[in-house]
Amino acid sequence: MSGIAIPVYIAVMALVTYAVRMVPFVVFRKKLKSKFLKDFLYYVPYAVLGAMTIPAIFYSTGNMVSAAVGCIIAMLLAFRNKSLLTVAAAACGAAFVTDLIMSYLIQ
């Protein structure tokens with residue numbers, strides 16, 4: 001890689017990042033009146049977060065069963081309105097214990 005390439009890459013990424021953030025302000029100068037568009041834009045952050053998080057959950061432990069147990073525990077506690085720290089700690093603990101049990105049973 002040449003010495004000039006890295007600053008060019010950084011400049012291009014800066015422009016792309018700026019454009020992605022600036023375009024909505026330019027396009028949507030007026031207040032949105034379309035209920036469909038308002039609803040669509042309301043759910044976009046949740047959909048993107050889910051699309052990034054769900055695959056990471058199932059590939060984080062290296063074992064789909066322990067990952068699924070952790071995910072189920074997290075969903076149950078989240079639906080019971082437990083705190084984020086409680087949900088995360090219980091899900092990690094459940095996945096860890098499940099992985100330990102499975103490794104003990106396999107040996």
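In the predicted model, helices α3 and α4 are roughly antiparallel to each other. The axes of α3, which spans residues 64–79, and α4, which spans residues 84–106, cross at roughly 150 degrees; angles over 145 degrees count as roughly antiparallel. The two axes come within 8 Å, and the crossing is right-handed.

On the α3 side, the contact involves Val65, Ser66, Val69, Gly70, Ile73, Ala74, Leu77 and Ala78. These residues meet Thr86, Val87, Ala90, Ala91, Ala94, Ala95, Thr98, Asp99 and Met102 of α4. Sorted by class, the contact of α3 with α4 has 12 nonpolar, 4 polar and 1 charged residues.

Disulfides were searched for across the whole structure, and 0 were found. For Cys71, the closest cysteine sulfur is that of Cys92, at 12 Å. A disulfide requires two cysteine sulfur atoms within 2.5 Å, so the sulfur of Cys71 is too far from that of Cys92 for a bond. Cys92 is likewise in no disulfide, its nearest cysteine sulfur being that of Cys71.

Note on methods. Residues numbered from 1 in each chain as written. Predicted model: local features only at pLDDT ≥ 70, side-chain atom pairs only at ≥ 80, totals over all residues. Heavy atoms only, no water. Axes fitted to C-alpha atoms, helices over the stretch in contact; angles between N-to-C directions. Helix = DSSP H or I, 4+ residues; strand = E, 2+ residues; numbered from the N terminus. Parallel < 35°, antiparallel > 145°, perpendicular 65-115°, else oblique. Left-handed = near helix turned anticlockwise from the far one by under 90°. Contact = heavy atoms within 4.5 Å. Nonpolar A, V, L, I, M, F, W, Y, C, P; charged D, E, K, R; others polar.
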